Structures are given as structure tokens and as C-alpha cells.
Amino acid sequence: MARATAQPHEQYRPLWVEEPAKRYRMPDPVRTAAVRALIIISVTLIQAMVAFFCTMAESWLAFPMVISSVASTVAATWSVVDVWVTRQVWNQRNGVVSEPSSTARELRRERRAARRQERTAAREQKRIRGRGGQAGQLSHP
């Protein structure tokens, strides 16, 4: 009986506690390129192992597997370069790199200036309409 009455009074403890990530998640295009590269690299390693075992077994399949492993190595290298280029492009376009020469910073600055001008023009138009007159017209003839 004592055990049944003690359970409702126990405090609920979750199985785990969410902690904020130390690093942000990769952007979608970069993550897609990284997954693609990982799959290509995995296939390349499997091909290299099969080529090695076929060579050890003196199988006829050894030569075609070595040739395909070389081709896959070129593709894997290209896919890793693709991840790097995709990351650099995303950083330039979205302003993650905080360098004075960052293209994204300049684009953001231009966009902010354009928005500021639009707001100023809209405010001026609203002010003019509120008076009931046109720009440059005197209120009393």
C-alpha cells in the first residue's frame, strides 16, 4: 500500500534533456552535397575492397574492379570538391562569412539602403496625402 501512494508524488523526470546545439545545422544544399559525397565515397571504398579481394583470389574480375575503382576515386574527389564549392557559394550568398570583402555583406547593405529609401518615400507620400494637397502646392491660394 505504501508503494502505491508514493508513486503519484514522485516528480516526473524526462529520459533526456534537450541541449542547444554547439554548431548550427548545415544548410540544405550543403547537406545534400555532403550526403551525396558520403554515398559516393562509401561505394568507392567498397569497390576498392572488392578489387583487392579479387586480386588476392586471382579472379578475372580484378582488372575491371580496379578500373572502376579508379573512376570512382575521381568521382569521389569531385564530389568532395562539390561539397566545398557548395558551402563557399552558400556562405557568399547568405552572408555567413564575416569578412570585409564578403559579397553577401555588400548585398545586405544595398538591400537595407533600398528598403530605407522605400520607407522614406512611402512616409513622404503618406504625409502629402494626409494634407490633402499635391507636392509643391501651397495649402492656401
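Visitor: What should I know about the model itself?
Guide: This is a predicted model, where local features need pLDDT of at least 70, side-chain atom pairs count only at pLDDT 80 or more, and totals for chains, interfaces and linings use all residues. Residues are numbered from 1 along each chain as its sequence is written, and side-chain values use heavy atoms, with hydrogens and water left out.

Visitor: Is glutamate 58 buried or exposed?
Guide: Buried means under 20% relative accessible area, exposed over 50%, and partly exposed in between (1.4 Å probe, protein chains only). Glutamate 58 has a relative accessible area of 74%, so this residue is exposed.

Visitor: What is the phi of glutamate 58?
Guide: Glutamate 58 is not a glycine, yet its phi is positive. The value is about 55°.

Visitor: And threonine 44, is that buried or exposed?
Guide: Threonine 44 has its place in helix 2. Its relative accessible area is 10%, so threonine 44 is buried.

Visitor: Which residues does threonine 44 touch?
Guide: Contact means heavy atoms within 4.5 Å. Leaving out residues up to four places away in sequence, threonine 44 touches Ser69, Ser72, Thr73 and Ala76.

Visitor: How far apart in space are glutamine 92 and alanine 104?
Guide: Glutamine 92 belongs to helix 3. In sequence, glutamine 92 and alanine 104 are 12 residues apart. In space, C-alpha to C-alpha, they are 5.3 Å apart.

How values were computed:
Helices (H or I, at least four residues) and strands (E, at least two) are DSSP runs, numbered from the N terminus.
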